[in-house]
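Trainee: I would like to go through the ligand site and a few backbone details of this model. Can we take them one at a time?

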Amino acid sequence: MDFQLKTLTVAQAAAEKSDVLIVLVGSAPITSKDPLSVLAASARKAGDLPDKAGKLLGLYRPEDVVAGRVVLAAIGDGKPASVRTGVVAAVNAAKAQAPKRVTLAFAQPADGAAVAAAVTAAADASYVYTTTKSKAEPRSIRQLTVGVADAGAVSAAFDEARATVRGIELAKEWGNRPANHATPTLLGEAAKELAKLPNVKCEVLGPKEVEKLGMGSFAAVAQGSAQPLRFIVLRYHGAPRSQAPVVLVGKGITFDTGGVSLKPAAEMDEMKFDMCGAASVLGTFRALGDIQPAINVVGLIPSCENMNDGRAVKPGDVVTSMSGQTIEVLNTDAEGRLILCDALTYAKRFEPAAVIDIATLTGACVIALGGVRSGLFASDDTLAAALEAAGEASQDRCWRMPLDDDYAEGLKSNFADVANIAGRAGGAITAAKFLQRFTSDFAWAHLDIAGTAWKSGAAKGSTGRPVGLLVSYLMGRAGSADAAGKADGAKAKSGKKAGKAAAAPAGKTRTEK
Ligand code: BES
Ligand code: MN
Ligand code: ZN
């Protein structure tokens, strides 16, 4: 889908060549005197277009409009969440006619956040998965034109939203692909494909290299599978090399049977989504490649299958992680933390400003927060606050959970330094406490996306979350890095060399550490 931003009044939007025209109508009085605005105002007055986000009024071939169909969509207060509700409803209604060209016009002034919400919502509502269907009917919309009163004022937000959509859709694609079409090897190839984007580099390690690194925990999960593991290292360089990167670590279990601690059969197919953390890292890099912000980012993806096999790791086995800590594998279904811990240890070599892991880690997180908010765990308050704010701004929300040391009690083992499970109680938190043992060298946050990465039931499919949150967070950092960079430039002129600490987004990095 191709997105375009134009300066359009409602009258100009009516003259746009398109199959469906969607007019977004907010609570403010409609004062324009063009035919459509007059119509919208009288519908509002008559109660036929209630002032409630998501309410619609469909028109067929109204006079003075090029598009054959018009949908008036209420967006209430015009805030991003209301715009999203209105646009999703309108695009869903418009979809029945399989329109190729859609114009989406704001009847009242809209800010960048509202425009971004409209772009991501329109993409979400029209997305169609096609890869493994023999007679796929792809998304009908080819071109979406967004009309606003002043395109110049919102063009940066629009560009960022368009790039975010590309990232979300890449994450959806890999999340939705069945496990036999999304093996660790194929994920590695998808990552290499991203290295074609400017300032993106990719390296993919295999079993021998991973063994050499001493990643005994990751290797133990992979050993029951016929598919060789992959360890993907992505780098985006948008700032001077001296600037400390943010490291994103994505869980890439391409299928989770539970291993010897086998999962029940019902809904086990959904464990193809167990690589959605990895997919969100790929999606974020897709967006970075488009936006080219002034930051450095590293993406790490440990990827393998968790299978039941004669060679598979067994309950009670003790494995040695890259950190040197030994782990008693009491339950082979708690495999996510076993691959993530080695990736977290590997992250240290980048001397990161912050490390964020993203994982479909626990069923317990689904019970705690459902599908609305991702679980956020953080050892650093500044980092936590920035991620919470990014979640709100992108409507890809998260909720901070506790990390008291008391929660780690149950992870004690008689035969190793730590066990990979505690009791059932507080399962999302005990999983996070396990990961925290491998993060003492940097500011760290963990997003448990088990409830938010995909939908079950009739709407089964990947959501592309939390690409929106991650892009928003990184763009926030790029903004503050810019400011710090300017300050550093001034310092450099005064004769001091801009070293690592100076070139990094100074204040922020230090408080996060
Ligand atoms: N991938 C699952 C987590 C999961 C389960 C996500 C259901 C979404 C829906 C993870 O590897 C897992 O199996 N976790 C176990 C941990 C337990 C054995 C301590 C779980 O949550 O049941
Ligand atoms: Mn599991
Ligand atoms: Zn899993």
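Trainee: By class, how many residues of the shell around ligand 1 are nonpolar, polar and charged?
Mentor: This is a predicted model, where local features need pLDDT of at least 70, side-chain atom pairs count only at pLDDT 80 or more, and totals for chains, interfaces and linings use all residues. Residues are numbered from 1 along each chain as its sequence is written, chains are lettered from A and ligands numbered from 1 in the order in which they are written, and side-chain values use heavy atoms, with hydrogens and water left out. Ala, Val, Leu, Ile, Met, Phe, Trp, Tyr, Cys and Pro count as nonpolar, Asp, Glu, Lys and Arg as charged, and the others, Gly among them, as polar. The shell around ligand 1 then has five nonpolar, four polar and seven charged residues.

Trainee: Which of the 16 residues around ligand 1 come nearest?
Mentor: A residue is near a molecule if one of its heavy atoms lies within 4 Å of it. Of the 16 around ligand 1, the nearest are Asp256, Lys263, Asp333, Glu335 and Gly363.

Trainee: How far from an oxygen atom of ligand 1 is a polar side-chain atom of Lys263?
Mentor: A polar contact is a pair of N or O atoms within 3.5 Å. For Lys251 the distance to a ligand 1 oxygen is 3.2 Å, and for Asp256 it is 2.9 Å. For Lys263 the distance is 2.8 Å.

Trainee: Which pocket is the space taken by ligand 1?
Mentor: A pocket is an open set of points on a 1 Å grid over the protein atoms alone, where a 1.4 Å probe fits, with protein on both sides within 12 Å along at least five of seven lines. A molecule sits in one if more than half of its atoms lie within 2 Å of its grid points. For ligand 1 this is the second largest pocket.

Trainee: Which helix gives the largest share of the lining of the second largest pocket?
Mentor: Lining residues have an atom within 4 Å of a point, and this pocket has 34 of them. Helices (H or I, at least four residues) and strands (E, at least two) are DSSP runs, numbered from the N terminus. H10, H11, H13 and strand E19 each supply at least two lining residues. The largest share, four residues, comes from H11.

Trainee: Which two residues does a cis peptide bond join?
Mentor: Most peptide bonds are trans. In this model there is a cis bond with omega of about 0°, and it joins Arg465 and Pro466.

How values were computed: Polar contact = N/O pair within 3.5 Å; in protein donor to acceptor, adjacent residues only side chain to side chain.
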